[in-house]
Amino acid sequence: MTFFNDQQTNLSRRTLLKGLGACATLPLLAGLFPKSALAKAVSTALEQFPTLVPAQKGILTGAHWGAFEAIVSEGRMVRVQPVADDPAPNDLIDMAPFQVHAKNRIKYPMVRKSWLEHGPGARPELRGADEWVRVSWEKAIDLVAGEIQRVQSDFGPQAIHAGSYGWKSVGMFHNSRTLLHRLMNLSGGFTGYAGDYSTGAAQVIMSHVMGSIEVYEQQTAWPNVVEHAELVVLWGVNAQVTLKNSWNMPDHEGQAGFKALKEKGTRVISIDPVYNETAKLVGAEWIAPNAYTDVAMMLGVAHTLYSEKKHDQAFLDRYTVGFDTFLAYLLGKEDGQPKSAEWASSVCGVDAKVIRQLALDMAAKRTMIMAGWGMQRQHHGEQPNWMLVTLAAMLGQIGLPGGGYGFSYHYSSGGSPTAKGGILAGISAGNAPKNSPAPIPVARIADCLANPGKTIDFNGRKVTYPDIKLVYVAGGNPFHHHQDTNNLVKAWRKPQTVIVHEPYWTATAKHADIVLPVTTSYERNDLEMGGDYSQRYVFPMHQCVPPQFEARNDFDIFSAIAAKLGVQEQYTEGKDEMLWLKQMYDGMAAQARGARVALPPFNMFWESNNYIRFPIPEANRQWIRHADFRENPLLNPLGTPSGKIEIFSNTVAGMGYADCAGHPKWYEPKEWVKSEVAARYPLSLNTSHPTQRLHSQLDNTPLRDKFAIADREAILIHPDDAKARGIQDGDLVRAFNERGQILVGALISADIRPGVVRVCEGAWYDPAKPGEAGSICKNGNVNCLTFDEGSSSLAQGNCGHMAQLQIEKYIGPVLANTAHEVPANG
């Protein structure tokens, strides 16, 4: 599966026709020969399709953390093994059996007691603390359909929030969020969301600066980077953790790329408050700035480039607009403060000599700047990406082999060369009804629930919050991914009804009114692409075990609700699960034929327990992002108003936002080491991705044994900070600020900058007093400490990667961790 060794799978016209001819005889053989003969015929026919890769032992399926084969015995999944050509399988796949047979599965449809007895809006303060009542599926479907009809009739579609953001399970058909939207569009419409939590600030600002969102775009191909890059700068990147998972199924080529950099001996510099796993893997030099000060450090680098005449003025003149306006700010003509290396040092805490040398090294070498997303999940999070692109433009290497910048080398193997074949299209959400409500910025959901009628700025327009009466969540976990959990607890009391589809008793499920038990992806059939950027694989996801207890898949649930609402025929289009999968496969196979890649008919493919591996054209291994723009910016303009890189944006400037000017600049964040609040809460918080989870997924598995300390989420503390507070390795620690408090286990290491602590996101919320805002979280959910404000008036992205806090050794009563337990009567 690595890009360094690829088997050519292009077919000649003769071989293509031979394979298709073999397939054409199968219906005839089926009627003439016994099953054993048919199996032999199928096997012979499959040999004509070199794109097919067979499973070795088990049933093919997969997850966000990898494709694998499930080993099933007596109706139970007992273990798994990775597919044969995964270059970097990880132990997250081993948790699949524990996902299926988890102790905290939701077994039956459940309704919160107060809601069931007294109706919508009853005792919302008991969400998270009330008892549960088991009901039949028939009753549950009636309740859900009735609520949709009631709210649509009494309040209109704007009163239903069915955005349902989150990392739903893989599978192009059983996409819970799309299936929910499909139902809501057919039944009158709903309030949705704009943006996402991962890249909320970056994707908005990049659309103005580069004319595309950049963060999810294909990167310069890894083989090209490995061959040509002389210096790689990792700015806030820990790819060894984040590349374990993908939105689709991962091809793990990004990990092969970083390994190749190490083997070649390419110089790597890691800029991060933490000396992380990726930096250690590649032997990177470590520069550790103060938390949240990346823009100031970049400005110091930019000032050095200009003052030392190391910037590429010719590139700036031809490919950018607005550099002169930015330069006036950089040199201090706007505010009297030149953004020199010395000034940057006073902000970011990195020695001015180091900043200047970094600038000179980047200018002297073919440099690839790989940036992460954490620094844009901050107050004024639009600025780091804008400033980083400006820095790359000053270097003048954008569009050159191995040079420029990339925002997704750490995500889903950006840079994995793109294959030639077909792409699966999943089920559609359909068309929104006319006059459907405008979406709200995704990270403003709690603000919306709590403040109906409030108007906010958002990317040049005004958004007025609707009065939400019904929240419907399928495939998401807002009690994990939303900031300021205690504020969310209070806002969550405002809707009259909350409906949740979920396999497990997560905090979101516990805070619902109606909970419907859904299957895991291993209890249903589906198809999925492998390689988000390479699009190289098509994996069958065979049902491995029967649905557990009374769980149903989302399609069947929504189909039953659609029947009650009188739209079942439109919802299903008369097709069941397998007919939908056949339609998806046939569409993909037709694309593959157009690319001269032959595939067998769907039934043969499905029964074969094979997956598809498409060929990679050699030219795609050397693809360079923005090379066409660099070659001819007139014929290949960017999607900006000017067609060029907009270091100064008239569009953004014209919005007149005080917190987002027309060019990148340093704004002091709401909370940082030099803010007023730091006098009480002196430590800066880093909320990186966990090493043994995907966000909150898998927190309820034995992987906890690898990362939990004192049975809680770990907090990484520098020895100096621990010593000053009398904290030793393994101690139970209380981390707190004015928004909340959590229990965490101390992990003391010099791998983090003094004054910074790290608590990974994703621990399930577990309040000591359920339903009570401000109660200490016993499991260490870090969002109890983060603040819920928009990044700026432009993007309204989340600020989940920052907060000031204090820590102390916990000396209170022993509090059992109940995050993964089933609630009363659940």
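Start at helix α8: its buried residues pack against α18 (382-395), β24 and α28 (650-655). Buried here means under 20% relative accessible area, exposed means over 50%, and partly exposed lies in between (1.4 Å probe, protein chains only). Helices (H or I, at least four residues) and strands (E, at least two) are DSSP runs, numbered from the N terminus.

Before going on, a note on the model. This is a predicted model, in which local features need pLDDT of at least 70, side-chain atom pairs count only at pLDDT 80 or more, and totals for chains, interfaces and linings use all residues. Residues are numbered from 1 along each chain as its sequence is written, and side-chain values use heavy atoms, with hydrogens and water left out.

**Stop 1: helix α8**

Select α8. Nine of its ten residues are buried, so the helix is mostly covered. Colour the buried set: Gly200, Ala201, Ala202, Gln203, Val204, Ile205, Met206, His208 and Val209. Then step just past the end of α8 to Gly211, where phi is positive, about 80°.

**Stop 2: the domains**

Now colour by domain. The assignment gives domain 1 (13-49), domain 2 (59-101), domain 3 (110-195 + 435-522 + 549-573), domain 4 (201-415 + 624-655) and domain 5 (676-809). Such bounds come from an automatic or database domain assignment.

Keep domain 4 and domain 5 on screen. Taken over C-alpha atoms, their centres are 28 Å apart. Domain 4 puts 31 residues into the contact, and domain 5 puts in 31 residues. Contact means heavy atoms within 4.5 Å.

How much area do domain 4 and domain 5 bury between them? The figure is about 2,300 Å², with 57% of it on carbon and sulfur atoms. Buried area is the accessible area (1.4 Å probe) that two parts lose on being put together, summed over both.

**Stop 3: across the interface**

The rule finds 14 residue pairs, both residues at pLDDT 80 or more. A polar contact is a pair of N or O atoms within 3.5 Å; within protein, one must be able to donate a hydrogen and the other to accept it, and residues adjacent in sequence count only if both atoms are side-chain atoms.

Look at the domain 4 side that touches domain 5. The elements giving two or more residues to this side are α8 (200-209), α10 (239-242) and α12 (277-282). Helix α8 gives the most, with four residues. By type, the residues on this side divide into 14 nonpolar, eleven polar and six charged. Ala, Val, Leu, Ile, Met, Phe, Trp, Tyr, Cys and Pro count as nonpolar, Asp, Glu, Lys and Arg as charged, and the others, Gly among them, as polar.

One salt bridge is counted between domain 4 and domain 5. Select Lys280 and Asp751: they form a salt bridge, with the closest N and O atoms 2.6 Å apart. A salt bridge is a side-chain nitrogen of Lys or Arg within 4 Å of a carboxyl oxygen of Asp or Glu.

**Stop 4: other salt bridges**

The structure holds 36 salt bridges. Side chains of opposite charge can pair when their charged atoms come close.

Select Asp91 and Lys706. Their side chains meet in a salt bridge at 2.3 Å, N to O. Asp91 lies in the loop between β4 (76-82) and α4 (96-100) and Lys706 in helix α29 (residues 704-707), so the pair ties together parts 615 residues apart in sequence. Lys706 is exposed, at 55% relative accessible area.

Next, select Glu573 and Arg182. The closest N and O atoms of this salt bridge are 2.8 Å apart. Glu573 lies in the loop between α24 (568-572) and α25 (577-594) and Arg182 in helix α7 (residues 176-186), so the pair ties together parts 391 residues apart in sequence.

Select Arg693, Asp699, Arg704, Asp711 and Glu713, which are linked in a network of salt bridges. Within it, Asp699 pairs with Arg693, the closest N and O atoms being 3.0 Å apart. Asp699 is buried at 0% relative accessibility, and Arg693 is buried at 1%.

Move to Ser696, in the loop between β25 (683-686) and α29. Ser696 is buried, at 7% relative accessibility. Leaving aside neighbours within four places in sequence, Ser696 is in contact with Asn477, His480, Gly762 and Trp764.

**Last stop: Pro633**

Select Pro633, in the loop between α27 (627-631) and β24 (645-646). Pro633 is buried, at 10% relative accessibility. Not counting residues up to four places away in sequence, Pro633 touches Arg318 and Tyr319. Pro633 and Tyr319 are 314 residues apart in sequence, yet 7.0 Å apart in space, C-alpha to C-alpha.
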